[in-house]
Amino acid sequence: MSGKPTEEKTKNSEAIFLGDFWFNIKSSTLFAMDRRPIPLRHQSALVLTELAKTPGETVSKDRLVSAVWGATFVTDDSLVQCIKDIRKAISDDDRKIIRTVPRMGYRLDANQPAALPANLTPSVLVEKIQCTGNSQVALDFAEDFEDKLILVLAPRTGVRIFTKASSQLPADYIVQGRVSVSGDRVNLLLSLSEVQSRGVFYAESFKINIFGIDQLAEDVARKISSVLRISVITHDGEKYANIADERLDFQQLMAKAHYFYSRITVPDTAVGRATTQVAVKISPDNPKALALLAHSATQMHPLVKIDTSESETDWAMSLADKAISLGPSSGFAFRTRANLRLWLLGDHKGCRADCARALAINPNFYLTHLTLATSEILTGAYAAGIDRIDSFVCLTTIDQQYPYFQSLVGLAWLLAGDDGASIIFAREAHERSPRTSWHAMVYAAAAADDPSITKTEEFREMINGLELPLRHFRSIPFADINSVEILEARLKAVGVAE
């Protein structure tokens, strides 16, 4: 046996360290320290699993062959090849981790038991805010703003904030800013970069009175938090996209599901739903997983034509009810049920009640505000819905749902009687997602009275390419049928057939 201790807690651990890697025994999956999965052939992963069950102890060749291949006859070469695969994957060039025991078998000398790493929240490095020019006013503002921004960001969940003075650890994201001051007006150019791959992926300019520094810090912190949350949901699970669900643990399954949901297509939603079902099997009492599975029933509303059956509605509602019962402090669970009540039941009162409970848990949860704004717009409270989206939903072009936000605002302006504003928002939604018929329909209705748009060849091609029926608006839970009739009349006027 090795001279390293082989305590009982090591043998019973679900994961162990292997040099600069760690291995999840339960899922037979090898990872780098940053949770990046390391590919292993199926048989090699099973060999490593058998060795990892009793680290520090010699496992005979017969036992390894029996555990991996069963009654199938294989030569020693198959086992030797698996050992070579494992050693190569964990950079065990000197054979100090996977040891050969002559004439007996192999022994795994693990470093120590490993606690399964949690999905760490993103680490954000806030760099020193720079100044354009050398005015003392600008220098003082930049220094003061940086301090206030850190104070506002620090207590927010979902991000870990560092400065160069506070940490030498590598960050996932970097916040950079540049300030210029002219009179009593301040212009802040803000950018977010991802260190590993994407570089700068978000930039925005903020303009404010020089005395509004506290409000500016709040606005910027809210935008940074929202952009990072969207970035993590959209990209964090991409590294698991091509890995079979059975090879992933619960957290990886959830990340993968979020990634596919964020792509907002019918096929990707189906993949996200299937992956979430596997996660629920692993953790059947996890409220977030249950709510995410229920969410799949409304993921594509109202972008495509969906005839949700009564059994599908009952299934989704029962999942949401269970998620709330198991997680009464889960804002996501309440928001999910609110969305189900809105789109599947047309129950605006129940939707708003659940939104209120979700916002009591997390007042800034933008998805809850989006659901509530949708209900407000569909019940005729257009100004309230538009203001809520502008104030809380945090419009940003890195969000795949951005075109939907724009078309929803365009729809609100149209029904409120402002065709000009409606065209601006609906056109942008259509231009950003030209293949989505929902955005095209909203734009067509918005532009119905503007011949400079409707007489163009481009507009006619858009109308001819619509995949949604004229009566699609009747599947939307409008509180007043007159709204539907107005929209249908405008679509008929520009040539949309029944």
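Buried means under 20% relative accessible area, exposed means over 50%, and partly exposed lies in between, with a 1.4 Å probe and protein chains only. This is a predicted model, in which local features need pLDDT of at least 70 and side-chain atom pairs count only at pLDDT 80 or more, while totals for chains, interfaces and linings use all residues. Residues are numbered from 1 along each chain as its sequence is written, and side-chain values use heavy atoms, with hydrogens and water left out.

Figure 1. Ile264 sits in the loop between helix H7 (250–261) and helix H8 (266–282). Helices (H or I, at least four residues) and strands (E, at least two) are DSSP runs, numbered from the N terminus. The relative accessible area of Ile264 is 18%, so this residue counts as buried. Arg95 is placed in the loop between helix H4 (76–89) and strand E6 (98–101). Because its relative accessible area is 48%, Arg95 is partly exposed.

**Figure 2. The whole protein chain.** The chain has 498 residues, of which 53% count as buried. Its secondary structure comes to 20 helices and 13 strands. The C-alpha trace spans about 85 × 65 × 45 Å along its principal axes. The accessible surface, from the Shrake-Rupley method with a 1.4 Å probe (for residues, only the protein chains shown count as cover), comes to about 23,500 Å². Carbon and sulfur atoms hold 51% of that surface. Contact means heavy atoms within 4.5 Å. Among contacts between residues at least 6 apart in sequence, 60% join residues at least 24 apart.

**Figure 3. Two cysteines without a disulfide, Cys351 and Cys355****.** How many disulfides does a search of the whole structure find? The search finds 0 disulfides, a disulfide being a pair of cysteine sulfur atoms within 2.5 Å. For Cys351, the nearest cysteine sulfur is that of Cys355, 4.2 Å away. For Cys355, the nearest cysteine sulfur is that of Cys351. Cys351 counts as buried because its relative accessibility is 0%. Cys355 is also buried, with a relative accessible area of 0%.

**Figure 4. The aromatic pair of Trp22 and Phe31****.** A pair of aromatic rings is described by the distance of the centres and the angle of the planes. Rings of Phe, Tyr and Trp (its six-membered ring) pair if their centres lie within 6.5 Å; planes under 30 degrees apart count as stacked, over 60 as edge-to-face and the rest as tilted. The structure holds 6 aromatic pairs. One of them joins Trp22 and Phe31, with 4.5 Å from centre to centre and 20° between the planes, and is stacked. Trp22 is buried at a relative accessible area of 0%, and Phe31 is buried at 0%.

**Figure 5. The aromatic pair of Tyr173 and Phe201****.** Is this pair stacked or edge-to-face? The ring centres of Tyr173 and Phe201 are 5.8 Å apart and the planes lie at 65°, so the pair is edge-to-face. Tyr173 belongs to strand E11 (residues 173–182) and Phe201 to strand E13 (residues 199–209). The two residues are 28 residues apart, and their pair links distant parts of the chain. Both Tyr173 and Phe201 are buried.

Figure 6. Ser193 counts as buried because its relative accessibility is 11%. Leaving aside neighbours within four places in sequence, Ser193 is in contact with Asp172, Tyr173, Ile174, Gln176, Gly199, Val200 and Phe201. Tyr173 and Phe201 in this list are the two rings of the edge-to-face pair.

**Figure 7. Helix H17 and the helices around its buried residues****.** Helix H17 (residues 437–446) is mostly covered, with 10 of its 10 residues buried. Among them are Trp438, His439, Met441 and Tyr443. Which helices do the buried residues of H17 pack against? They pack against helix H15 (402–416), helix H16 (419–432), helix H18 (451–454), helix H19 (457–464) and helix H20 (481–493).

**Figure 8. The cis peptide bond from His301 to Pro302****.** The bond from His301 to Pro302 is cis, and its omega is near -5°. Pro302 lies in the loop between helix H9 (287–295) and helix H10 (310–326).
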